[in-house]
Amino acid sequence: MIAVTPNNGGEFKSVAELLVEEVSASRLGLWTSCRLKFYFKYVARMTKPATPALYVGKTVHSVLQEWNLARWKGHVMDVETLKEVFTQRWDEDQLGEDIAWDDEQKERGTAWGLLELYLKETPISADEKPVAVEVRLEADLGEHGLPKLIGIVDLVRPGGKIVDFKTSAQTPNAERVAHQTEIQITSYGLLYRDGTGEMESGFELHHLVKVKVPKLVVTPLPPITENQKTRLFKQIESYVEGVEREDYVPSPGLQCLSCPYFNECRAWH
């Protein structure tokens, strides 16, 4: 196992020790999807070029963050200002990136089209002041024998409504989305409750769908339940145990078609 020096200096810690000190929804989601892919990304730390789809999603998310921050400061960002922010982010965020573009201008048009659509159809009024934007939260789960849970929440609306922005190539199905995002949603609910001492009023997943005629799909979800908390804790327990014994086995399936580590996985032994 590779040993690294922790940020606070002093003793050396193994990658496994560092990975089980804290866990995030994204890290846990990758672990449950494919442990070998988790190994390539977090243990071997293999870097791969960003795909055009990922870059579109990253830019859309970044610009929406600026839109939310402007509202938090009491400013109204019109479409022209949003376009200026988008143009700057699209160019600057590519510095140091190696993106395998097939048609950059087409992807750029797709990204801007999604943002323009969101500004027109968002259920959030321009003058609604967010409670929090891109806030980093953490929850100490030590009393449950678990590591610290960390995460960054996109947006919290008044009343404790937690919002997460997503881009998608397909129209989401509400039941499947609830299942596929349960780790993330449950984590955010726990983080919000630990950070505020209050219960969230629910969640909204804002999907910007990249179909021929782009559309915005908002999926509302209720507050998390005790059963969801129990499932998350069991998933974290499995994560900790698996990382500690270096149980990095592959999970072949349809998800392999778009996996950047496909060749490395084929050579696994």
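**Close-ups of cysteines, helix contacts and aromatic rings**

**View 1. Cys256 and its closest cysteine partner.** The sulfur of Cys256 sits 5.9 Å from the closest cysteine sulfur, the one in Cys265, and that's too far for a bond. Keep in mind that this is a predicted model. To count as a disulfide, two cysteine sulfurs have to be within 2.5 Å, and the tally by this rule is 0 disulfides. Cys34 is in no disulfide either: for its sulfur, the nearest cysteine sulfur is that of Cys265, 5.8 Å away. How accessible are these side chains? Cys34 has a relative accessibility of 10%, so it counts as buried. Cys256, at a relative accessible area of 23%, is partly exposed.

**View 2. Helix 8 packs on helix 9.** Here helix 8 (residues 182-196) meets helix 9 (residues 226-244), with the axes 10 Å apart and an angle of about 105° between them. The two helices are therefore roughly perpendicular to each other. Which residues make the contact? Helix 8 brings Glu182, Ile183, Thr186, Ser187, Leu190 and Arg193, while helix 9 answers with Gln228, Lys229, Arg231, Leu232, Phe233 and Gln235. Sort the residues of this contact by class and you get 4 nonpolar, 4 polar and 4 charged.

**View 3. Helix 2 packs on helix 9.** Helix 2 (residues 25-33) also packs with helix 9, at an angle of about 70° and with the axes 10 Å apart. That angle makes helix 2 roughly perpendicular to helix 9. On the helix 2 side, look for Arg27, Leu28 and Trp31. They meet Leu232, Gln235, Ile236, Ser238, Tyr239, Gly242 and Val243 in helix 9. How many residues of each class are in this contact? There are 6 nonpolar, 3 polar and 1 charged.

**View 4. Asn68 in helix 4.** Asn68 lies in helix 4, which covers residues 52-72. Is Asn68 buried or exposed? Its relative accessibility is 1%, so Asn68 counts as buried. Leaving aside residues up to four places away in sequence, Asn68 touches Pro130, Val133, Leu155 and Phe165.

View 5. By the ring-pair rule, the model has 16 aromatic pairs, and two of them are picked out here. In one, Tyr55 and Trp90 pair edge-to-face, with 5.0 Å from centre to centre and 75° between the planes. This pair ties together distant parts of the chain, since Tyr55 is in helix 4 and Trp90 is in helix 5 (residues 79-92), 35 residues apart. Tyr55 and Trp90 are both buried. The other pair is Trp67 with Tyr118, also edge-to-face, at 5.8 Å centre to centre and 85° between the planes. Trp67 sits in helix 4 and Tyr118 in helix 6 (residues 104-121), 51 residues apart, and this pair too links distant parts of the chain. Both Trp67 and Tyr118 are buried.

**View 6. An aromatic cluster that includes Trp31 and Tyr239.** Which residues form this cluster? They are Trp31, Phe38, Tyr39, Phe40, Tyr42, Tyr239, Tyr248 and Tyr261.

Technical notes: Residues are numbered from 1 along each chain as its sequence is written. This is a predicted model: local features need pLDDT of at least 70, side-chain atom pairs count only at pLDDT 80 or more; totals for chains, interfaces and linings use all residues. Side-chain values use heavy atoms; hydrogens and water are left out. Buried means under 20% relative accessible area, exposed over 50%, partly exposed in between (1.4 Å probe, protein chains only). Axes are lines fitted to C-alpha atoms, for helices over the stretch in contact, and angles run from 0 to 180 degrees between N-to-C directions. Helices (H or I, at least four residues) and strands (E, at least two) are DSSP runs, numbered from the N terminus. Angles under 35 degrees count as roughly parallel, over 145 as roughly antiparallel, 65 to 115 as roughly perpendicular and the rest as oblique. Contact means heavy atoms within 4.5 Å. Ala, Val, Leu, Ile, Met, Phe, Trp, Tyr, Cys and Pro count as nonpolar, Asp, Glu, Lys and Arg as charged, and the others, Gly among them, as polar. Rings of Phe, Tyr and Trp (its six-membered ring) pair if their centres lie within 6.5 Å; planes under 30 degrees apart count as stacked, over 60 as edge-to-face and the rest as tilted.
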